[in-house]
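Here are my notes on the model, for your review. Please read them with the structure open.

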Amino acid sequence: MLHVKTNTIQGYKGMNIPFTMLSKKEDSGKLAILLPGAGYTVQAPILHYSTGVFINKSFDVLQVKYQYNNDFYVDFSMDELSEAIKMDVHTVLDSVLAERTYENVYLIGKSIGTIAMSSVLEREEFKNAKAIWLTPLIQREDVLGSMAGSVNKGLFIIGDKDHYYSEERFLKAAENPNISPRLIPNVNHSLEYDEDIVESIDVLKSIIKDIENF
């Protein structure tokens with residue numbers, strides 16, 4: 001039976017940050033942390049099915065549900081938004097990890113979530129965590145630097161029609177022997193084809209397989 005526990009915590013500038021913990025068994029020593037995009041939420045296909053993959057392997061799954069499309073953030077510069085996402089995610093993690101420790105941790109970040117992920121991986125308790133980088137913001141120095149220098153085992157998936165894609169930066173991250181890179185031709189920032197639904201479902205299936213194998 002799946003246990004679902006939803007909570008909120010005060011984050012940057014007092015904004016409430018909701019998060020949900022899903023667990024199949026009471027004393028799992030395994031945790032998957034989902035850090036979604038701004039518009040690509042935990043309900044979006046890849047993160048929805050990733051949740052299922054980890055639940056089926058008896059992981060606890062922590063879904064951080066920040067809402068950076070909210071009007072509250074409309075005047076934020078990218079620098080301030082980055083500060084907010086880092087603080088919000090660290091605050092949620094501090095709260096969750098105060099209650100228990102996990103031996104085996106996976107971080108799954110999508111788009112803006114990879115800003116927080118690159119910061120979280122600097123924490124001592126995540127030194128052995130595995131990282132799944134979905135459409136990371138590789139044009140940012142902090143994200144690319146984290147990936148290129150990461151000692152954490154990583155899976156890196158991006159499409160060459162993603163507006164954040166750059167061949168030079170992709171290759172720089174892909175050079176890290178700890179990271180398994182996958183470049184998918186002709187898919188966009190949602191890891192889908194612009195005008196082909198059925199083919200997009202095939203890509204989704206292959207990505208979920210990659211995550212399952214990783």
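The points below cover pockets, a surface patch and backbone angles.

1. Basis. This is a predicted model: local features need pLDDT of at least 70, side-chain atom pairs count only at pLDDT 80 or more, and totals for chains, interfaces and linings use all residues. Residues are numbered from 1 along each chain as its sequence is written, and side-chain values use heavy atoms, with hydrogens and water left out.

2. Largest pocket. About 310 Å³ of space lies in the largest pocket. It has 14 lining residues, and the closest to its centre are Lys-5, Met-21, Glu-99, Arg-100 and Tyr-102. Strand 1 (3–10), strand 2 (16–23) and helix 2 (78–97) each give two or more residues to this lining. A pocket is an open set of points on a 1 Å grid over the protein atoms alone, where a 1.4 Å probe fits, with protein on both sides within 12 Å along at least five of seven lines; lining residues have an atom within 4 Å of a point. The volume is the space filled by probe spheres set on the points, which are joined across faces, edges and corners. Helices (H or I, at least four residues) and strands (E, at least two) are DSSP runs, numbered from the N terminus.

3. Lining of the largest pocket. It divides into four nonpolar, four polar and six charged residues. Here Ala, Val, Leu, Ile, Met, Phe, Trp, Tyr, Cys and Pro count as nonpolar, Asp, Glu, Lys and Arg as charged, and the others, Gly among them, as polar.

4. Second largest pocket. Its volume is about 210 Å³. Of its 14 lining residues, Ala-38, Ser-111, Ile-112, Tyr-164 and His-189 are the closest to the centre. The lining holds seven nonpolar residues, six polar and one charged.

5. Surface patch. Ile-197, Val-198 and Ile-201 make a nonpolar surface patch of about 310 Å². Patch residues have over 30% relative accessible area and no salt bridge, and nonpolar side chains (Val, Leu, Ile, Met, Phe, Trp, Tyr) are joined within 5 Å. A salt bridge is a side-chain nitrogen of Lys or Arg within 4 Å of a carboxyl oxygen of Asp or Glu. Areas come from the Shrake-Rupley method with a 1.4 Å probe. Ile-197 is found in helix 6 (residues 197–213). Ile-197 counts as exposed because its relative accessibility is 64%; exposed means over 50%, buried under 20%, partly exposed in between.

6. Most residues other than glycine have a negative phi. Which phi does Lys-13 have? It is positive, about 55°. Lys-13 is found in the loop between strand 1 and strand 2 and is exposed, at 54% relative accessibility. Asn-186 also has a positive phi, about 65°. Asn-186 lies in the loop between strand 8 (179–184) and helix 6 and is partly exposed, at 43%.

Technical notes
Patch = residues over 30% accessible without salt bridge, like charges linked within 9 Å, V, L, I, M, F, W, Y side chains within 5 Å. Buried < 20%, exposed > 50% of the residue type's maximum accessible area, 1.4 Å probe, protein only.
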